[in-house]
Amino acid sequence: EKIKKIGKGAFGTVWKMKEIQSQRIVAIKKVDYDSDEEKQRFDKEVSVMRDIYHILQQASSSSSSSSSSSSSSSSSSSQSSDSRPPFIHVVKPLGQFFNEDKDKAYLVLEYCENGDLRQYIQNMKNSGTEISEAKAFELIKQVTLALNQLHMNGIIHGDIKPENVLLTKDFQVKLSDFGLARKLQEGRGYTTNHGGTTFYLSPELLHGQSSHGKRVQTIAADIWSFGIMIFELLAQKHPFFDSNDSDLSPLEVYNHIIDEKPSELPDHYSNNLRNLIRQMLIKDATRRITVEAILEDHDVAANHTRN
């Protein structure tokens, strides 16, 4: 049973729907195929998403079992509160099906009640409000925990942007859209990049070419995209562009990001918050802040978000 449209992207439309048999609310991404290439892209996204969710599920269950065994001497009350499995910060794929002609595919996903971060930012713009610093640090910690789950398991998301960060009813972050995600090979800290949303791509991906002519991507590229996104959350504008830059050519966009300094955040935010975003937007990927360092920041660490 279709309820309402909740999103539209380059490769499909997302609907909020209710399963008639189970009465469960789900999100269904409908994709129309115009070519075999688009079909392969969709099939790959589904496969990658399932693999990533499975990897994180296994990692969280093993960490949960090891933590419960190490806390066996704790009191029963604290044990019951600490024995919950870690929260998986990835949208759970629930299934897929096709129409009779096999030219439309439907991906069934868990539904996140509070929409995506793009809607959240737009709602603030529409109402003339800004996010509080406390709420900003809560979201920063949530996204950092999400990226940490991926990076600890050798996964680069590759397309972090407000549209791909979803919020549950408890305001916990779930990452979506893994069409560009990459698994790092063991012993290598980089992979090759095959796309991404230009306004969120890091300077090294826009600029740096490997000896084989392919763009080399590390987990630091996710941190850059994260920094752009949080800047938008705080300032309600991109750090390198404003409303007058909508007609820039791709080359001008590249040059802005590669050569220019990002704008400063509004003065009413604390020096620590502004400095944290600056460290995410360091152009040299080797000097850019890591997820581990973000989690150690005292304002981020002080936020009591469930892992």
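**Helix packing and the nonpolar cores**

The axes of helix 6 and helix 8 (residues 271-280) come within 8 Å of each other, crossing at roughly 145°. The model described here is a predicted one. The points below take up this helix pair, then the cores, then the chain as a whole.

**The helix pair**

- The crossing formed by helix 6 and helix 8 is left-handed.
- On the helix 6 side, the contacts involve Ile223, Trp224, Phe226, Gly227, Ile230, Phe231 and Leu234, which meet Leu273, Ile277 and Met280 of helix 8.
- Leaving aside residues up to four places away in sequence, Ile277 touches Ile140, Gly227, Ile230, Phe231, Leu234 and Leu265.

**The nonpolar cores**

- The largest nonpolar core has 69 residues, and those touching the most other members are Ile140, Leu175, Phe226, Leu234, Ile277, Met280 and Ile294.
- Helix 6 (residues 220-235) is the largest contributor to this core, giving ten residues.
- This core lies between domain 1 (2-61 + 87-110) and domain 2 (115-302), because both give residues to it.
- A second core, separate and made of five residues, includes Met17, Val26, Ile28 and Tyr106.

**The chain as a whole**

- The secondary structure comprises ten helices and eleven strands.
- The chain has 307 residues, of which 44% are buried.
- Of the contacts between residues at least 6 apart in sequence, 64% join residues at least 24 apart.

Definitions and conventions: Residues are numbered from 1 along each chain as its sequence is written. This is a predicted model: local features need pLDDT of at least 70, side-chain atom pairs count only at pLDDT 80 or more; totals for chains, interfaces and linings use all residues. Side-chain values use heavy atoms; hydrogens and water are left out. Helices (H or I, at least four residues) and strands (E, at least two) are DSSP runs, numbered from the N terminus. Buried means under 20% relative accessible area, exposed over 50%, partly exposed in between (1.4 Å probe, protein chains only). Contact means heavy atoms within 4.5 Å. A nonpolar core is a set of buried Ala, Val, Leu, Ile, Met, Phe, Trp, Tyr and Cys residues joined through side-chain atoms within 4.5 Å. Domain bounds come from an automatic or database domain assignment. Axes are lines fitted to C-alpha atoms, for helices over the stretch in contact, and angles run from 0 to 180 degrees between N-to-C directions. A crossing is left-handed if the near helix is turned anticlockwise from the far one by less than a right angle, and right-handed if clockwise.
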